[in-house]
Amino acid sequence: MVDAGLFGPWGRIILIAIVATVVLFVLLITACFLTPGCIGYECTRRCKKKSTKALSRSGGQSNENVKLNGVSYRSWRLGSLYENDNNGTISENVEFQTNSVNSMCGQFENIETSSMVNLIQIEKRKSDKKEKAFPTELTLSLQYLPPCDDITGKFVVGIEAVSSLPPKQYNCTIEPYVALNIVKQSWSHRKQMKLHSFRTRGIRHTANPIYRETFVVANAKPQEVKEWILDIVAYDHDRYANHTELCSLKMAVKDVKIIFKSPEKHVFNYRMKPSCQEFGKILLGVSYLPTAQRLTINIMELRNIKVLKFVPSLNEFYPYVRVLMLNGKTGKKLKKRKTRTLHAVAQPEFNETLTFDVAYDQLDSVQFLIVLCSKVTLKNEPMSNNENPSDSEDSSVNSYKKADDIFIGKVALGKGVRGSMERLHWFLILQSPRKLVNIWHTLK
């Protein structure tokens with residue numbers, strides 16, 4: 001036999017051992033390529049992923065958004081939901097009611113990704129979870145010193161610290177301060193009377209300020225103090241627009257009975273309610289021209305402006321809109337434009353277009369702050385409608401005077417802004433270049 005002639009008397013055993021070794025090696029290699037976690041399995045999966053990506057890139061249709069901003073906005077393919085081929089514009093209302101959105105989605109069939117409603121609902125869910133996980137808390141100290149001999153009673157309120165304040169609308173650090181108003185409920189007039197007002201200093205670049213400031217009210221009788229209500233509001237000092245109300249707290253002094261039993265200083269922690277004040281709505285039309293690298297903002301009209309909250313009468317209302325181009329990373333002001341000034345118009349309509357030169361590499365970092373203002377004029381110097389025209393291209397950025405203006409409300413546009421509607425408007429602009437995107441926004 002062949003095996004006996006080659007290997008001697010052990011030939012058959014050696015041949016069986018070789019065959020068994022080869023079969024075992026083949027089984028091990030096969031198992032390595034089929035078992036997750038092995039080297040062969042991982043290499044095969046990586047090769048498959050690379051091949052599928054190459055096929056998708058070569059077989060997919062070209063998108064103008066890739067020219068504008070690369071990969072960062074490819075998942076925001078919502079242009080087909082808002083396109084209107086009749087006039088080449090895109091428009092959508094800011095009110096996201098379920099019935100209106102469902103009727104709109106029924107008219108359009110080519111929706112590439114998740115709808116706008118799902119995006120905003122996800123955004124709201126995330127924000128709700130954050131508010132529940134990290135609520136804003138106020139550390140407050142109260143003390144009542146009863147009258148003794150010739151010394152009158154004193155009520156001492158201490159604003160110690162605030163933690164987890166909400167961020168600014170656009171990318172810039174906040175400068176929070178706390179306003180304290182001591183009010184009393186007037187049952188005869190059915191409203192609250194403001195008795196005392198205090199304010200802390202502003203602390204920059206922090207969402208957890210530590211104040212440790214004390215305010216004293218003299219000649220405070222215990223019967224009167226028990227009728228008082230502490231109205232505490234945390235604000236963000238905005239250097240470009242109106243101060244933003246971040247959160248608020250109202251508490252009755254009569255609920256804290258321990259301060260009347262012992263004259264010691266008592267420290268309390270209260271959870272503050274997040275505030276979201278609205279001062280009206282503004283219709284903005286924005287478009288971007290890739291060839292000219294120019295962004296145009298059309299200030300159209302305003303509705304439901306709370307005028308009497310800022311000026312005594314409508315006759316003293318001189319509205320105009322100021323648009324600031326900011327660096328989204330540092331918050332520094334780059335350029336500014338403004339519309340003409342109107343007079344005594346409750347619902348002003350400007351229909352003015354303001355242009356900004358924005359390069360490709362600035363689209364991810366630049367942000368725009370649109371501020372509704374009212375010009376302050378002297379009584380003996382009436383202002384006409386043609387006064388204060390729009391800023392020219394050569395206007396100086398440093399000529400901005402905050403003291404002469406009354407700021408009513410603001411809205412920010414850009415990739416990194418906080419509002420979901422504002423951020424979505426920016427993505428629609430980049431998804432549909434050379435088209436005017438019209439959306440109503442809420443002034444805050």
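The paragraphs below lead through this predicted model, from the chain as a whole to its strands, single residues, salt bridges and surface.

Residues are numbered from 1 along each chain as its sequence is written, and side-chain values use heavy atoms, with hydrogens and water left out. Because the model is predicted, local features need pLDDT of at least 70 and side-chain atom pairs count only at pLDDT 80 or more, whereas totals for chains, interfaces and linings use all residues.

The protein chain has 10 helices and 19 strands, where helices (H or I, at least four residues) and strands (E, at least two) are DSSP runs numbered from the N terminus. Of its 444 residues, 41% count as buried; buried means under 20% relative accessible area, exposed over 50%, and partly exposed in between, with a 1.4 Å probe and protein chains only. Among the contacts with a separation of 6 or more, residues 24 or more positions apart account for 71%, a contact being heavy atoms within 4.5 Å. The chain exposes about 25500 Å², of which carbon and sulfur atoms supply 54%; accessible areas come from the Shrake-Rupley method with a 1.4 Å probe, and for residues only the protein chains shown count as cover.

Strands of a sheet pair through backbone hydrogen bonds, either parallel or antiparallel, and two strands are taken to pair here if DSSP finds at least two bridges between them. Five strands form an open sheet in the order β6-β5-β8-β9-β11, with antiparallel pairing. Because β6 (191-199) and β11 (273-274) each have a single partner strand, they stand at the edges, and one side of each is left without a neighbour in the sheet. Strand β5 (residues 176-186) pairs with β6 over 8 bridges in the antiparallel sense, and Val183 stands opposite Lys194 in β6. Elsewhere, strand β12 (residues 281-289) pairs with β19 in the antiparallel sense over 6 bridges, with Val286 opposite Val437 in β19. Strand β19 (residues 436-442) is mostly covered, as 6 of its 7 residues are buried.

Ser141 lies in β3 and counts as buried because its relative accessibility is 4%. Its side chain makes a polar contact with the side chain of Glu160 at 2.9 Å; a polar contact is a pair of N or O atoms within 3.5 Å, where, within protein, one must be able to donate a hydrogen and the other to accept it, and residues adjacent in sequence count only if both atoms are side-chain atoms. Not counting residues up to four places away in sequence, Ser141 touches residues including Val156, Glu160, His266 and Val267.

A polar atom of the Thr136 side chain lies 2.7 Å from the backbone oxygen of Ser164. The C-alpha atoms of Thr136 and Cys247 are separated by 7.8 Å, although the two residues are 111 residues apart along the chain.

Side chains of opposite charge can pair when their charged atoms come close. A search of the whole structure finds 13 salt bridges, each a side-chain nitrogen of Lys or Arg within 4 Å of a carboxyl oxygen of Asp or Glu. One of them joins Lys168 to Asp236, with the closest N and O atoms 2.5 Å apart. Lys168 lies in the loop between β4 and β5 and Asp236 in strand β8 (residues 228-236), so the pair ties together parts that are 68 residues apart in sequence. Both Lys168 and Asp236 are buried. In another salt bridge, the side chains of Glu349 and Arg303 meet at 3.1 Å, N to O, linking strand β16 (residues 349-357) with strand β13 (residues 294-303). Glu349 is partly exposed because its relative accessibility is 42%, and Arg303 is partly exposed at 21%. Salt bridges that share partners join Glu301, Arg303 and Glu349 into one network.

Ile13 lies in helix α2 (residues 11-34) and is exposed because its relative accessible area is 51%.
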